[in-house]
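Thanks for making time this morning.

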Amino acid sequence: MSQVEEFVKIVEGVKDHDVKVVIVTGKPGSGKSKVLREAAEEKKWDYIDCRLLITEKFLEVPPGERQAKAPEMMADILEGYDSEVILLDRLQTLFVPVFHIDVDALLHKLSEKFVIVTAWPGYIEEGKLCYDKFDGTESIRISSEGFTVWNVD
């Protein structure tokens, strides 16, 4: 079985889960994004750059309200696509502190309507998804509990 076939099987297996989120992990250059793009092409799933979720309308929301409003606003954007599986690229876009987005809560909320798949731009350690920006300005830690984690070797 190829990596893409294995990946597709994992994604299709989460459709009945309470939390329908697949986090793809792997070292830089391991092929995480490549697997996502190939599966999206093969299965006609939508492959979306997270930068498209940061709209002018979102930026008009007062910073203190963004965390609460982000899931609904971003779900509305994703409703415009014609796929039950959404592959989110450049997830680290949502980590920018000025956006005030709780990525963990966002992924959980979006998974109520869609199967969400994203390549994690960091590493996993002791059950936590970790992201450290190279300049030390950002450090994200969220629990991997409830998510399906698939590693690209």
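Strand 3 (85-89) and strand 4 (residues 115-119) pair in the parallel sense over 4 bridges, where strands are DSSP runs of E of at least two residues, helices are runs of H or I of at least four, both numbered from the N terminus, and two strands count as paired if DSSP finds at least two bridges between them. Within that pairing, Leu-88 has Thr-118 of strand 4 as its bridge partner. Before I go further, please keep in mind that this is a predicted model, in which local features need pLDDT of at least 70 and side-chain atom pairs count only at pLDDT 80 or more, while totals for chains, interfaces and linings use all residues. Residues are numbered from 1 along each chain as its sequence is written, and side-chain values use heavy atoms, with hydrogens and water left out.

Strand 4 also pairs with strand 1 (21-25), again in the parallel sense and over 4 bridges, and here the bridge partner of Val-24 is Ala-119. How many of the residues of strand 4 are buried? The count is 5 of its 5 residues, with buried meaning under 20% relative accessible area, exposed over 50%, and partly exposed in between, for a 1.4 Å probe and protein chains only. Both faces of the strand are covered, with Val-115, Val-117 and Ala-119 on one side and Ile-116 and Thr-118 on the other.

Let me move to the interior. A nonpolar core here is a set of buried Ala, Val, Leu, Ile, Met, Phe, Trp, Tyr and Cys residues joined through side-chain atoms within 4.5 Å. The largest such core has 33 residues, of which Met-74, Leu-94, Ile-101, Ile-116 and Trp-120 touch the most other members. Among the elements that each supply at least two residues of this core are strand 1, strand 3, helix 5 (103-110), strand 6 and strand 7, while helix 4 gives the largest share, 5 residues.

Now the largest pocket, which holds about 390 Å³ of space. On a 1 Å grid over the protein atoms alone, a pocket is an open set of points where a 1.4 Å probe fits, with protein on both sides within 12 Å along at least five of seven lines, and lining residues have an atom within 4 Å of a point. Of the 22 lining residues, Lys-32, Gln-92, Trp-120, Pro-121 and Gly-122 are the closest to the pocket's centre, and the elements that give two or more residues to the lining are helix 2 (32-43) and strand 6. The lining divides into 9 nonpolar, 7 polar and 6 charged residues, where Ala, Val, Leu, Ile, Met, Phe, Trp, Tyr, Cys and Pro count as nonpolar, Asp, Glu, Lys and Arg as charged, and the others, Gly among them, as polar.

What about the cysteines? With a disulfide taken as a pair of cysteine sulfur atoms within 2.5 Å, the count comes to 0. Cys-50 is in no disulfide, because the nearest cysteine sulfur, that of Cys-130, is 19 Å away, too far for a bond. Cys-50 is buried at 0% relative accessibility, and Cys-130 is buried as well, at 2%.

Two backbone angles deserve a remark. Most residues other than glycine have a negative phi. Lys-44, in the loop between helix 2 and strand 2 (46-49), has a positive phi near 65 degrees, and with 63% relative accessibility it counts as exposed. Arg-90, in the loop between strand 3 and helix 5, likewise has a positive phi, near 60 degrees, but at 39% Arg-90 counts as partly exposed.

I will end with one contact along the chain. Val-85 lies in strand 3 and is buried, with a relative accessible area of 0%; its C-alpha atom is separated by 5.7 Å from that of Trp-45, 40 residues apart along the chain.

Conventions
Grid points are joined across faces, edges and corners, and a volume is the space filled by probe spheres set on the points.
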